[in-house]
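Dear colleague,

Please find below the structure that I promised to hand over to you.

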Amino acid sequence: MKRFRQFRTDAATRDKYADVQVKASDFIYPYFIVDGENEIQPIHSLKGISRFSIDQLLIDLEETIALGIDKILLFGVIENDLKDEVGSAGYEPDSLVCRAVRQIKKQFPQIIIFTDVCLCEYTSHGHCGLLQGQVIDNDSTLPLLAKIALVHAQAGADFVAPSAMMDGQIEALKNILKANNQTAKVLAYSAKYSSNFYGPFRDAAGSAPSFGDRKSYQMDYRTKHQGLEEIAADIEEGADWIMVKPALAYLDIIQRASVTFPEVPLAAYQVSGEFAMIKAAAAANLLNEELAFLESLTAIKRAGANFIITYYAKDFVRKGL
Ligand code: PBG
C-alpha cells in the first residue's frame, strides 16, 4: 500500500506539496473603455465589472496597481453611431484606445498594456473582419487589423493582441510594426474557439454580430489538432506570446500548447461566460465563489498557462486567495 494521505494531513503539509500557486503577476486584467467623463457603467452580465471613461479608468488603476496587478488588456467600446462598415474608429491615431493608452502610460509607465485588435468593436455589422456581401473577406481585413495595431503601438501599447481569427494576421501586424520601427510585441489569440461562453462580453463590448455567427473564422471546438496548428502558424509568423481561449473547457489545448511550445509564453483567457457562470452559481448559493475561482484558475495554471486573463483578478488578490 502506498501512503498518499501523509501529503494531506494538515494545511501546512498540503501547502508544502502544492505544485501550483496562482499569483497577482500571472494576471492580465481586462478593462472596457468608453468615451466621456465620470463614466462608470456597471455591466450587468459581468457582476462587479464596469465600463470606465478614461478619467475613471485612471482612478481604478491605482487600486489595480496597489494589488500587484501590472498587466491590463484594453477594449474600446464606442457608440453605435461612430461605427461603420470598415471599422474606421478603430484605426484613427486618436482613437479611444489610443487616448487611453497614452494617458495610462503617462501616469503609470510601469503598467504593461495589451490592446485587443479586432474589427468587431468598431464595425456596424459587429463582425471581426470586412464583409463582401454576407461573407467575411480574410485578406482585405489584414491591412485594417495592421492599422489598428500600428496606432495602438504608436500610442505606447506594449503588446497588441489580434483576436479576429483571420489567417495571416500575425504576419500582417509584425510587418507593419517593423516597417514603422515599433517595438510592441504581439500576443496572438491563436487558438480562439467559436464559443458559447462569450455571451456576456458581447453585451459588455456592444460587439455582437448583427447577423450570423463567428463560426466561419473562430475555431470549431470539435477539432482536436487544429488549435495546435493555428498556434504553430502564429509562431511561424512571429507571434511573441500565444493564447488559448476560452480556458476551462480547453485545458487539453492549453496543456498541449505548453508542452509543444515551451519557449513561447502562453496566456489563457478565462472568458466572460466562465466568470458569469461561477458568479451566478455562487449568487444562488450553489457553491463558494472564491474557492470555485481559486480552483478554476489553479487548474488553468496547472494545465500550463503562464498568464491568465480574468475578470476576477482584482477580487482574487483582494480576498487573499
Ligand atoms: C473579439 C473578442 C471577443 C472576446 C474577446 N475579444 C468576443 C468574440 O470573439 O466574440 C471575448 C472575451 C470574453 O468573452 O470574455 N474582439
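**Around the ligand**

A polar side-chain atom of Lys192 lies 2.7 Å from an oxygen atom of the ligand, where a polar contact means a pair of N or O atoms within 3.5 Å. In the side chain of Arg202, an N or O atom is 2.6 Å from an oxygen atom of the ligand, and for Gln218 the corresponding distance, again from a side-chain N or O atom to a ligand oxygen, is 2.7 Å. The ligand has 400 Å² of accessible area on its own, and the protein covers 100% of it (Shrake-Rupley method, 1.4 Å probe).

Please keep in mind that this is a predicted model, in which local features need pLDDT of at least 70 and side-chain atom pairs count only at pLDDT 80 or more, while totals for chains, interfaces and linings use all residues. Residues are numbered from 1 along each chain as its sequence is written, and side-chain values use heavy atoms, with hydrogens and water left out.

There are 18 residues around the ligand, and those that come nearest are Lys192, Arg202, Arg214, Lys245 and Tyr311 (a residue is near if one of its heavy atoms lies within 4 Å).

**The whole chain**

The chain has 11 helices and 12 strands, which are DSSP runs (H or I, at least four residues, for helices; E, at least two, for strands). Its C-alpha atoms fill a box of roughly 65 × 45 × 40 Å, taken along the principal axes.

With kind regards

Definitions and conventions: A polar contact is a pair of N or O atoms within 3.5 Å; within protein, one must be able to donate a hydrogen and the other to accept it, and residues adjacent in sequence count only if both atoms are side-chain atoms.
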